[in-house]
Amino acid sequence: MKNVIGIDIGGSTTKIVGFTKDGKLIEPMSVKAADPITSAYGAFGKFTDINKLSLDSIEKVMITGVGSAYISTPIYGLPCETRPEFDCIGKGGLWLSGLDEAIIVSMGTGTAMVYSKQGENPVYLGGTGIGGGTLHGLSHMLFGIESVEHLFTLAEGGDISHIDLRISDITSKDILPEMPGNMTAANFGKIDDLATKSDKALGIINMVFETIAMCAIFASRAHGSNNIVLTGNLTSAPIAKDFFKSLSKMFNVNFIIPERSSFATVIGAAL
């Protein structure tokens, strides 16, 4: 038994990880390049060099992602297998969380949701076009910002009460126990003329995160699982953990952002 390498090939970013022959994780990394093939080969070369892995120490390469279709020949002569991305999301999410069953949410450019249970094939539930691409497009259109990271920086110090209509703005007391006063009634439904750029940036982020969260909550209710594992690049956002922690209490679910959450799909490929 030799090392197994997993590669998740995106449009311009490739993530790579490995498992040793005794099942230990070789720390994942990511590489950006102008095209998927360059990105994949660059990631493989960097990963094997840093971890001192020779080609003859690698058993096979497991590939997934939208760019996997561009790999038509073995990488440096190594056996390559392509795995469905949604299977990888499900397997990676369970492995990272240590759970036997959960809704796994992949928060990338868009958002995909998978129901995953140990011993069974993951089931793709659907998703939404709301995700990191939404944040990028709206921040560019409204603020001329090219980086989502800069949007999160701009949102620091923002006041959501200048943007969103809350239940407490409609009634003086809770309508139902599960509808507390700080629950959003309408995103951007109360935008103030004096709202700052920081307020608006926070409003955009809040709208995207709440949309993803509610889709995940509906999926969890349909499958009777309160555990929702969040994965993908958006989980590394500075406010993500606190935001989803507050929604966990509000909706009686368990949002989990595990360590290495942005690498869940590639870990699932290697598994």
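The largest pocket here has a volume of about 1,200 Å³. Lining it are 42 residues, and closest to its centre are Thr13, Lys15, Gly108, Thr109 and Asn233. This is a predicted model: local features need pLDDT of at least 70, side-chain atom pairs count only at pLDDT 80 or more, and totals for chains, interfaces and linings use all residues. Residues are numbered from 1 along each chain as its sequence is written, and side-chain values use heavy atoms, with hydrogens and water left out.

Terms next. A pocket is an open set of points on a 1 Å grid over the protein atoms alone, where a 1.4 Å probe fits, with protein on both sides within 12 Å along at least five of seven lines; lining residues have an atom within 4 Å of a point. Volume is the space filled by probe spheres set on the points, which are joined across faces, edges and corners.

Now the second largest pocket. Its volume is about 370 Å³. It has 20 lining residues; nearest the centre are Arg166, Thr184, Asn206, Glu210 and Phe243. The lining splits into 13 nonpolar, five polar and two charged. Nonpolar means Ala, Val, Leu, Ile, Met, Phe, Trp, Tyr, Cys and Pro; charged means Asp, Glu, Lys and Arg; the others, Gly among them, are polar.

Is threonine 184 buried or exposed? Threonine 184 counts as buried because its relative accessibility is 18%, and buried means under 20% relative accessible area with a 1.4 Å probe, protein chains only. Beyond four places in sequence, threonine 184 touches Asp164, Leu165, Arg166, Asn206 and Glu210, with contact meaning heavy atoms within 4.5 Å.

Key: Buried < 20%, exposed > 50% of the residue type's maximum accessible area, 1.4 Å probe, protein only.
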